[in-house]
Amino acid sequence: MHGDAWRGIARPGVVLDSSWPTFASSPLRTAPLPSTRAKAKPAMATAKASPAVLLALAAALAVLVVPAAAACSAADRDALLSIRAALTEARLGVFSSWAGTDCCAGWYGVACDPTDGRVADLSLRGEAEDAVMAPAGRPASGVMSGYISDAVCRLGRLSSLVLADWKQISGPVPSCVATDLPYLRILELPGNRLTGGIPPSVGALSRLTVLNLADNLLSGPIPGSITSLASLKHLDLANNQLTGHVPADLGKLALLSRALLGRNRLLGPIPPSVSSMPRLADLDLSENQLTGSIPDGLGSGHVLTSLYLGANRLSGSIPASLLRNSGLGILNLSRNALEGAVPDVFTPRSYFMLLDLSRNRLSGGVPRSLTSAAYVGHLDLSHNRLCGAIPAGPPFDHLDADSFGGNTCLCGGPLGKCT
């Protein structure tokens, strides 16, 4: 098994956290209770109510004074209907519940702020597992066509916009999304057929924590303004047709934990600034046209767990810090032009589910310190210029010849005895 089959390990689904909006109820206004002027018997004047009675009375009063949730804003309802008019979904009846005047009451995928009736969330996923998308408990794969109407930008209090995995929604990302939705925290439009560029003003979305535009047909550069998204935690632009360079100051995104930019047409070097991102756990720059060397500091990330740089045009040597990083569990540097020896720096704390260095120009021997690693699941050193005997013992005793084939003069282990 080569490295491509393992990409899914490092592409976990988005886990949404405190970036989801919450709405606090407005202060309750209670009218004064009418006074009771009937005279009580003297014996009752000094009686005290039991705690249970007082609690029951308080609960009853609380129910009486809780205000009803505000009805849907008429302007937001009109905007939703315009969004619906631009989309077609005939198989599952996703929009069948979009009827009546109150869009906050039972409209599928719509959630409102109960204090003012403004639409706060619009979330329609083509691969969801709820009662609509998974009738009779059997998940369905939805198909929706059409385009994203500019009317979405009239939902001025929108906090999350999700139109994901519908496969046939086309057209551009409305540019007004970046300028007219200042409260937006989550923008997820993956798995469609969107074209055009990423809105240049996307950096104006100061509250944005999730930006997922993966698996579309987007082209053009990654906007430089994207590095102004100081709250961004998850960035997924993978599998598009993006060109140009990775923004040089990507490292400004101090809260970013996932940067998934693989399978595009990006050029130039890996910005050294990515080495200074304190929360970066997953970095995927694979299958681009990146050149230059791997930044020396990239392996110093304390929380880096997966790094995909395969299928580029990277040169130079492998930084020893990458292989010494005890937290890095997935490393794919295959199909580049890396050269020199594989750093012999593995320790008992090394734990690699995947280590793929295949199809480079690496020379020297197989690192003997690999035998001290706590675990190496999948190792691929094939198609390099390695020479000498393969060390005995784990992890080499469970690997087959495909892990070492195509080298200059390796022998031993699954390749047979050295002569």
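Strands E16 (residues 289-292) and E18 (residues 313-314) run parallel and are joined by two bridges. This is a predicted model, so take what follows as a reading of that prediction.

- As a reminder, strands of a sheet pair through backbone hydrogen bonds, in either a parallel or an antiparallel sense.
- Further along the order, strand E9 (residues 210-212) pairs with strand E11 (residues 234-236) in the parallel sense, over three bridges.
- Valine 210 finds its bridge partner in histidine 234 of E11.

- How many residues of strand E5 are buried? Five of the five (residues 160-164) are, so the strand is largely enclosed by the rest of the structure.
- The cut-off behind that call is a relative accessible area under 20%.
- Ser160, Val162 and Ala164 point one way from E5, while Leu161 and Leu163 point the other way. Both sets are buried.
- On one pairing, E5 meets strand E3 (residues 119-125) in the parallel sense, over five bridges. Serine 160 in E5 is the bridge partner of aspartate 121.
- On another, E5 runs parallel to strand E7 (residues 186-188), with three bridges joining them. Here valine 162 has glutamate 188 of E7 as its bridge partner.

**Disulfides**

- Counting bonded cysteines along the chain, they follow the pattern 1-2, 3-4, 5-6, 7-8, 9-10.
- **Cysteine 72 and cysteine 103:** the S to S distance is 1.9 Å, and the link is right-handed, with 80 degrees about the S-S bond.
- Cysteine 72 sits in the loop between helix H2 (51-65) and helix H3 (74-85), and cysteine 103 in the loop between strand E1 (87-88) and E2, so the pair ties together parts that are 31 residues apart in sequence.
- Are these two cysteines buried or exposed? Cysteine 72 counts as buried at 12% relative accessibility, and cysteine 103 is buried at 0%.
- **Cysteine 153 and cysteine 176:** their sulfur atoms are 1.9 Å apart, and this link is right-handed with 80 degrees about the S-S bond.
- The pair connects distant parts of the chain, 23 residues apart: cysteine 153 is in the loop between strand E4 (144-147) and E5, and cysteine 176 is in the loop between strand E6 (167-171) and helix H4 (177-180).
- Cysteine 153 is buried at 9% relative accessibility, and cysteine 176 is buried too, at 14%.
- **Cysteine 387 and cysteine 409:** here the S to S distance is 1.4 Å. The torsion about the S-S bond is about -115 degrees, so the disulfide is left-handed.
- Cysteine 387 lies in strand E24 (residues 385-389) and cysteine 409 in strand E25 (residues 409-411), so the pair ties together parts 22 residues apart in sequence.
- Cysteine 387 counts as partly exposed at 34% relative accessibility, and so does cysteine 409 at 32%.

- Methionine 353 belongs to strand E21 (residues 351-356), and at 36% relative accessibility methionine 353 counts as partly exposed.

Technical notes. Residues numbered from 1 in each chain as written. Predicted model: local features only at pLDDT ≥ 70, side-chain atom pairs only at ≥ 80, totals over all residues. Heavy atoms only, no water. Buried < 20%, exposed > 50% of the residue type's maximum accessible area, 1.4 Å probe, protein only. Helix = DSSP H or I, 4+ residues; strand = E, 2+ residues; numbered from the N terminus. Pairing = 2+ DSSP bridges. Disulfide = S-S within 2.5 Å.
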